[in-house]
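Thanks, everyone, for making the time.

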Amino acid sequence: MESTFSSPAEAALQREAGVPGLRTPLADLDRVYELERVVGFVRDLGCQRVALQFPDQLLGDAGAVAARLEETAGSKMFILGDTAYGSCCVDVLGAEQAGAQALVHFGPACLSPPARPLPVAFVLGQRSVALELCAKAFEAQNPDPTAPVVLLSEPACAHALEALATLLRPQYQDLLVSSPAFPLPVESLSPEPEPLERFGRRFPLAPGRRLEEYAAFYVGRSEASTDLDIDPDLSRLLLGWAPGQPFSSCCPDTGKTQDECARAGRLRARRRYLVERARDARVVGLLAGTLGVARHQEALAHLRNLTQAAGKRSYVLALGRPTPTKLANFPEVDVFVLLACPLGTLAPQSSGSFFQPVLSPCELEAACNPAWPPPGLAPHLTHYADLLPGSPFHVPLPPPESELWDIPDVSLITGELRPPAAWKSSNDPECSTLTPRPQLDLAEISPAASFLSSRSWQGLEPRLGQTPVTEAVSGRRGIAIAYEDEGSS
C-alpha cells in the first residue's frame, strides 16, 4: 500500500536499473560518455574519490563506465543511482556522504548551481544528429537569409550545433549558436563581457542586439513525442521565448520539423489561468522541492513574504517529489507552488491528476506582486533565482502606502470582485490574528478551521455541556483479539 507522505517502496524495488537491450556498446563508451574529458577533469583536480551520478535510464552503463574510469584515472569511483529529488540536479549531499572530492553528472542536467561548493563536471551525452537533413529543414523553415535566427538544441544534441552552423553560415548572415551554460571556474574570469545566460544556455549576442529579436530553431525531441511532460526543457523555451518570434523544432534523426507556436500559445494560456487561480487562492502551499540548488532558502523566504503581503496564508510542505496522493492530504490548500530547479518546476504541471494546480514561483509572483508587469510584457521565468534581489528581473514589492495595493480586481474565473490585499507589516500594532466572535469570545483565524466549517461533515459531535458528568469506571482489559470479559471461544 502506498504511503501517504512518501513514494511507495514497491515502486523502488520493482523499477529496473537501465533498459535491457539498449545499453551502450563497450566500443562507444568513450565517445558517448566523453571519458577522456572526464579523466582529464579528475587528474587536474587530483581527486582520489569521485562520485558518478547517473539517471535511471543510464544506470545500465554505470558499472562499465565506473570500471573504465577507475582503470584509466586511478581513482575510486562511486555510483550515485538514488538521487535525493531529481536526476537533473547535482546530488551534492549524496557525494558528501560517499566522501567524494568531485562529482561527474551524466545525462540531462538543469545546470543549476549547487547549494554547496563542489567541483562538478557535466556530461550531457551525444545523440546522433543527421546534419544534412537538419540543414535542409532549417532552410525550409527560414527562407529569408537575412532574418536573425538562433540555434537551440536538447542537451544531448548540443555537440552538433557548431557543425550545423558551419553548413548554414555561408547562406545565413545573422545566425546565433547557443551553448550549455556550464559553471565557469573562478580562474577562467576574463575582462571580456560575459554572454547572455538564459534558459540554461549562453547566447553570444553582438553589442546592441537583444534575444527577443531572434527566431528559434530547436534540434531535439522525437516524432512520437507529443506530450511536453516528458520534455520540460522544451517547455521552458516555449514559455520564455518572445511570443512574436517563430519557433520551430526539428527531429535530429529524420529532419522532420514542427511549428511550435501553437503549442507555445496553449502553454502561455495555461500559465495565465494558473495566475488567476493563484489570485483567487486564500491558502498557498509552498512545496520545498530539491534542496541542493543554491539560494533555495532565500527563495522560500521571498515567497512567504510575497504571500503575506498579498493577504494569503502560506504553509511550507517538505514532501519530496510531489504526487497526487501526497497533495490530496491537504484539501484546504487552494494552490501549490513548487520550489525546485527550472526543469523540476515544469515537470509535474501538465498532468491533470492533481486535485489542485501546481504553480511555479514566477506565476505566484505575477499573482501577488501588483508591481509585476502585465501579461505580454513580463518574461516567464522558470528559475526562482531570477525573482530574487540582484537579478535584472527582480521587481520589489510596493510599499504598504502604495496605491497599487488598492486597485480592485475582478476574477476571470469566478467573476467576483477581489478585495484589495490587507497589506500590514507584522510589526504593526493594529495587525492582529484575533477577531471577536458574536459571543464575544476570541478565536484565532485559521484557513484550516474555515475550510472545516464549510464542510457538510465535520466529525463527531462534541456536545459540550450536554453530557452528564459521571465517575470514571474500569473499561475492558486485554487485547482486541481476546478481551478478558470474553469467553474462551
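Let us begin with Glu 276 and Arg 279, whose side chains meet in a salt bridge with an N to O distance of 3.1 Å, and please bear in mind throughout that this is a predicted model. Both residues belong to helix α9, and because they are 3 residues apart in that helix, about one helical turn separates them. Is Glu 276 buried or exposed? Its relative accessible area is 9%, and since the cut-off for buried is under 20%, Glu 276 counts as buried. Arg 279, with a relative accessibility of 27%, is partly exposed.

For helix α9, which covers residues 261–280, and helix α13, which covers residues 361–368, the angle is about 55° and the axes lie 8 Å apart. The two helices are therefore oblique to each other, given that roughly parallel would need an angle under 35 degrees and roughly perpendicular one of 65 to 115. As for handedness, α9 passes α13 in a right-handed crossing.

Which residues make this contact? From α9 they are Arg 271, Leu 274, Val 275, Ala 278 and Arg 279, while α13 contributes Glu 363, Ala 366 and Ala 367. Sorted by class, the contact of α9 with α13 comprises 5 nonpolar and 3 charged residues, with no polar ones. Arg 279, then, takes part in the contact with α13 as well as in the salt bridge with Glu 276.

Let me turn to two further pairs. Glu 298 forms a salt bridge with Arg 295, where the closest N and O atoms are 2.9 Å apart. Glu 298 is partly exposed, at a relative accessible area of 35%, and Arg 295 is likewise partly exposed, its relative accessible area being 35%.

The other pair is Glu 484 and Arg 477, whose side chains meet in a salt bridge at 3.8 Å, N to O; with a cut-off of 4 Å, this pair is still counted. Here both Glu 484 and Arg 477 are exposed.

How many salt bridges are there by this rule? The count comes to 20, and the pairs I have described, including Glu 276 with Arg 279, are among them.

Terms used: Residues numbered from 1 in each chain as written. Predicted model: local features only at pLDDT ≥ 70, side-chain atom pairs only at ≥ 80, totals over all residues. Heavy atoms only, no water. Axes fitted to C-alpha atoms, helices over the stretch in contact; angles between N-to-C directions. Helix = DSSP H or I, 4+ residues; strand = E, 2+ residues; numbered from the N terminus. Parallel < 35°, antiparallel > 145°, perpendicular 65-115°, else oblique. Left-handed = near helix turned anticlockwise from the far one by under 90°. Contact = heavy atoms within 4.5 Å. Nonpolar A, V, L, I, M, F, W, Y, C, P; charged D, E, K, R; others polar. Buried < 20%, exposed > 50% of the residue type's maximum accessible area, 1.4 Å probe, protein only.
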